[in-house]
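The stops below follow one another.

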Amino acid sequence: MTETLSGRAIDAERFRQALAVHAAGVVVVTAQCEEVPVGLTATSFSSVSLAPPLVSFYVDQSSTTWPSLRQAGHFAVNVLASDQAELASRFARKGVDRFAAPTAWQPGPEGIPLLSGVSAQLICAPHSTVDIGDHILVVGLVTETNLGPGGRPLLYHQGRFGRFTPHA
């Protein structure tokens, strides 16, 4: 059945174009592995279940951060605020020290790096992972939350970061 369906799949560029019209919230997932902070930007974050409290995100199979993140006993999902586009870009880049200045952070429970100025932090224990296509679905059990000052979320749309403007 999969072969029949995959033969009918659209090409990757057309798929990207269609997905670009969907606005997505932006998070940075952080963890500590062997005393070294690691993190990555994700726009595929979502809630999975209220009971138990589960969240998920996807990471590319080729991610150089994923092997370290996978080994961590806990991770944090840092929900970015609308003024944190540069932070999102920094954690999406390769070959930079993502935790060096100007990134502001402090160690949280289990030594997890918690980013400053975010809208919320969800501390998670790994629950499960599933290889799906060219990505890995990561599910975490939320064990603690920290809420920031509120404000508007950072969004990703049409290949750019932006802000949410509510209707009056």
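Select Ile10. In this predicted model, Ile10 sits in the loop that links helix 1 (2–6) to helix 2 (12–19). Is Ile10 buried or exposed? Ile10 has 52% relative accessibility, so it counts as exposed; the cut-off for that class is over 50%. Together with Ile10 they make up a nonpolar surface patch, with about 310 Å² of accessible area in total.

**Two positive phi values**

Move to Glu35. Find the loop between strand 2 (27–33) and strand 3 (36–42); Glu35 is there. Check its backbone: phi of Glu35 is positive, about 70 degrees, although the residue is not a glycine. The relative accessible area of Glu35 is 69%, which means that Glu35 is exposed.

Jump next to Glu110. Glu110 belongs to the loop between strand 7 and strand 8 (113–115). Here too, a residue other than glycine has a positive phi, near 60 degrees for Glu110. With 61% relative accessibility, Glu110 counts as exposed.

**Val38**

Go back to strand 3 and pick Val38, which lies in that strand. Is Val38 buried or exposed? Its relative accessible area is 12%, so Val38 is buried; buried means under 20%. Which residues does Val38 touch, leaving out those up to four places away in sequence? Val29, Thr30, Ala31, Thr65, Ser68, Leu69 and Phe99. Then draw a distance from Val38 to Phe75. Their C-alpha atoms are separated by 9.6 Å, with the two residues 37 places apart along the chain.

**Two cis peptide bonds**

Select Ala51 and Pro52. The peptide bond from Ala51 to Pro52 is cis, and its omega is near 0 degrees. Pro52 is in the loop between strand 4 (46–49) and strand 5.

Now select Ala101 and Pro102. These residues are also joined by a cis peptide bond, with omega about 15 degrees. The loop that holds Pro102 runs between helix 4 (85–92) and strand 7 (105–107).

Stay in this loop and take Thr103. Thr103 too is placed between helix 4 and strand 7. Thr103 counts as buried because its relative accessibility is 9%. What does the side chain of Thr103 reach at 2.7 Å? The backbone oxygen of Arg98. Leaving out residues up to four places away in sequence, Thr103 touches Leu87, Arg90, Phe91, Arg98 and Leu115.

Switch to cartoon view. Strands of a sheet pair through backbone hydrogen bonds, in either a parallel or an antiparallel sense. Select residues 54–60 and 135–147. These are strand 5 and strand 10, which run antiparallel and are joined by seven bridges.

Zoom in on Pro126: its bridge partner in strand 10 is Gly140. Then follow strand 9 into the turn. Strand 9 and strand 10 make a hairpin, and two residues stand between them. In that turn, Gly133 has a positive phi of about 60 degrees.

Select strand 11, residues 154–157. Four bridges link strand 11 to strand 12, and the pairing is antiparallel. Pick Leu155 next. The bridge partner of Leu155 in strand 12 is Gly162.

Finish at the turn. The hairpin of strand 11 and strand 12 has two residues between its strands. Select Gln158 in this hairpin: its phi is positive, near 55 degrees.

Notes
Residues are numbered from 1 along each chain as its sequence is written. This is a predicted model: local features need pLDDT of at least 70, side-chain atom pairs count only at pLDDT 80 or more; totals for chains, interfaces and linings use all residues. Side-chain values use heavy atoms; hydrogens and water are left out. Patches are made of residues with over 30% relative accessible area and no salt bridge: like charges are joined within 9 Å, nonpolar side chains (Val, Leu, Ile, Met, Phe, Trp, Tyr) within 5 Å. Accessible areas come from the Shrake-Rupley method with a 1.4 Å probe; for residues, only the protein chains shown count as cover. A salt bridge is a side-chain nitrogen of Lys or Arg within 4 Å of a carboxyl oxygen of Asp or Glu. Buried means under 20% relative accessible area, exposed over 50%, partly exposed in between (1.4 Å probe, protein chains only). Two strands pair if DSSP finds at least two bridges between them. A polar contact is a pair of N or O atoms within 3.5 Å; within protein, one must be able to donate a hydrogen and the other to accept it, and residues adjacent in sequence count only if both atoms are side-chain atoms. Contact means heavy atoms within 4.5 Å.
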